Amino acid sequence: MPDLRLTDNGQPRPAPTPPITTPVMELVGISKFYQSRGGVFGGSGERVTALNQVSLDFRRGEIFGLVGESGSGKTTCGRLMVGLERADAGQLVLEGREITALRGKDLRDFRRKVQIIFQDPYQSLNPQLSILDSVAEPLITSQACPASEREGRVLATLKAVGLSPAEDFAYRFPHQLSGGQRQRVAIARAMIIEPRLLVADEPTSMLDASYSAQIFDILLKVRENFGTTIVLITHSLAAARYLCDRIAVIYRGHLMELGQAERVITQPRHPYTQALIDATPKFGDCGEVPRYNALLAPERQGGEGAGCVFFRRCARAHLTRCSRQAPVWRRLEDGDMVACHYADGAPDPGPDIAACPAPGL
Amino acid sequence: MALLEVNHLSIGYQTPKGLLKAVDDVSFAVDAGQSLGLVGESGCGKTTIGMALMGLLPPNGSIVGGNVVLDGQDLSGLGEDALRQRRWRDIAMIFQAAMNALNPVQRVGEQIAEAILTHKPELGREEALRQVEGLYQLVGLPVGRLHDYPHQYSGGMKQRAVIAMALALNPKVIIADEPTTALDVIVQDQILKETRELQKEFNIAIIFISHDISIVSEVCEMIGVMYAGQMVERGAVGEVFRNPRHPYTKALLNSFPALGGPRRPLKPIPGEPPLLIGHRFGCRFCDRCPVPAASCKLEPPELVQVSETHFVRCDNA
């Protein structure tokens, strides 16, 4: 049977470290719209933008955080990445291959390479299947290994996610497990076919702190031992800071900021990121977390259409420029990205500079 | 004497396997205008305490020891009718999951008006609705949405409506059970701030139940850490956070990712909490404790005072 690269005793095999520059997956200008249902007479409803021109790349073995409020489009983004939704515009590229046109065997292959775990471990497992059957299912559908090897592989994977003795857990049913244990089963089920990319959609938001920390640890171990790229979808900047190498912040379907995790937390450039940091409850060594007061309350009116998507809530916004001209998603000197006219330390705008071009374009 | 005193409270559930002692010998006191945070993992008994204070334990649950004294009156001896009178008027609750706390087929404003009318029928519907308007302004809800149904509200609005309902009868004590767990950080921040302002304005005592230590550290002056039905540490928030004495409190603090300070490794607490059926010997945290002593398995530790405002249930603290 294939070596799971996890050894409890002895030396663990070195984690695969291919060049970090190869993206495992790329999103190129992805947009997704939902049509809200019209009135009683079937008139067409409003078009809601779930994702607008989102471009991201995920590097081999990296943990990437996608952070935003509910309704920001982060879950839609994750579902698109594993093929549960189709984009209305843009391209999804896995290991150099555009996947939107894939059919048949190629599509099955794609599905093997990307896996997802969901928020609610109480709903994502079939209550009538034993843990063994649940975790073995991807092996059966993908025909990844002969039937005789399945059980051994399930047991090894259960052990890898910290469910030991694995023989004991394999024959239990979901209702006999705690929330934290179920989420580990979900991780085992996703990892058993060794995907290139694992999307973790709010994996700990239903769990207690002590279980969350266990799940974080397992995700780190998964990355270390399998070299899997993990995309963590979360509303918690603290969780993203702990786990992630890079963080992207998304607001109403628009990317706001993308950069190295520690930099995004300690020196956020976009007012929305600053607002998220302000709103996060702090304890312990919080003295050095500054307050940014970047969120406007109550919201102002205007800014619909061509302006910045964050205009109505932004305390920093320049009334004319930001309401009329959407900032471009641009790269700054250190390689990080941002969508704000005034992100790179530009002085506070004067009374009216509506006509001036955006800096750094 | 404090506004609300909980003395040696024990609560049990009858189960087919025997009596499950969900809360065991818990004591605390809260004064008007003060807030106490109860933290701990799911199943540690914090919600059970809230339900018992409201007199809303399920049929198989009952207070098996100790008492609850509100404003000098022992609540545990009261009958169902007397309790119903005091509920909402003296002591109100903000329930976990606001979406389930509202009746989906009744307009939100009318639900709150109905709660007012149940206790003050003499007001009449017009006046009750006028009071609801005032409550809407208080919690930052647009008065124009008074006659909407719950499904037309966002998560944050529903939570505000539930807070408005809790405030409707000017209670002295509010029990807030995970009031912001389902909400986003920004909405959560707004609601926590508003709750604190309302608390100051009306001098309300709040018992804040949460598994999120960071929220409690922001909102409360006092904290009680619960483990397996027992209060293992209690004290002023600053003191407990700066100088945690119980190994469980320390472990809990170490399992939380923080936004400030150096990026430190989290230490998950290994294992699971014990089952609470049957008699237990020794310390309940013993099996998961990083520093157990041989004697811990034999003698259950007592809650001892380590400073004027700090109590710990650990012999080695």
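Take the contacts in chain B between residues at least 6 apart in sequence: 65% of them join residues at least 24 apart. Two residues are in contact here if their C-beta atoms, placed from the backbone, lie within 7 Å. In chain A, residues 24 or more positions apart account for 63% of the contacts with a separation of 6 or more.

A word on the source. This is a predicted model; local features need pLDDT of at least 70, side-chain atom pairs count only at pLDDT 80 or more, and totals for chains, interfaces and linings use all residues. Residues are numbered from 1 along each chain as its sequence is written, while chains are lettered from A and ligands numbered from 1 in the order in which they are written.

Stay with chain B. What is its radius of gyration, and what would a compact globule of 317 residues have? Chain B has 20 Å, which agrees with the value near 20 Å for such a globule. That radius is taken over C-alpha atoms, and the globule rule is 2.2 Å times the number of residues to the power 0.38. Along the principal axes, the C-alpha atoms of chain B fill a box of roughly 65 × 50 × 40 Å. Of the 317 residues in chain B, 46% are buried. Buried means that 20 or more other C-beta atoms lie within 10 Å of the residue's own; exposed means 12 or fewer, partly exposed is in between, and C-beta atoms are placed from the backbone.

Chain B has 10 helices and 12 strands. Helices (H or I, at least four residues) and strands (E, at least two) are DSSP runs, numbered from the N terminus. One open sheet in chain B has four strands, in the order β2-β1-β4-β5, with antiparallel pairing. Strand β1 (residues 4-15) of chain B is joined to β2(B) by nine bridges. One pairing to look up: B:E5 has B:A29 in β2(B) as its bridge partner.

Now chain A. Chain A has 11 helices and 12 strands. Of its 361 residues, 46% count as buried. Look at strand β3 (residues 63-67) of chain A. Five of its five residues are buried, so β3 is largely enclosed by the rest of the structure. A:I63, A:G65 and A:V67 point one way, and A:F64 and A:L66 the other way. In a regular strand the side chains alternate between the two faces of the sheet.

β3(A) runs parallel to strand β8 (residues 229-234) of chain A, with five bridges. Four bridges join β3(A) to β9(A), also in parallel. A:F64 has A:V231 as its bridge partner in β8(A) and A:R246 in β9(A).

A:V231 turns up again in the largest nonpolar core, which has 195 residues. Such a core is a set of buried Ala, Val, Leu, Ile, Met, Phe, Trp, Tyr and Cys residues joined through C-beta atoms within 7 Å. Those with the most contacts inside it are A:L158, A:V231, A:L232, B:A164 and B:V173. Helix α7 (residues 209-226) of chain A gives the most to this core, with nine residues. Leaving aside neighbours within four places in sequence, B:A164 is in contact with residues including B:I112, B:L135 and B:Y136.

Next, where the chains meet. 32 residues of chain A are in contact with 28 residues of chain B. α7(A) gives the most to the side of chain A that touches chain B, with six residues. That side divides into 17 nonpolar, seven polar and eight charged residues. Ala, Val, Leu, Ile, Met, Phe, Trp, Tyr, Cys and Pro count as nonpolar, Asp, Glu, Lys and Arg as charged, and the others, Gly among them, as polar.

Last stop: α10(A). Seven of its nine residues are buried, so α10(A) is largely enclosed by the rest of the structure. Among the buried ones are A:P271, A:Y272 and A:I277. What covers them includes α8, β9, β10 (254-260) and α9 of chain A, together with α7 (185-202) of chain B.

Key
Pairing = 2+ DSSP bridges.
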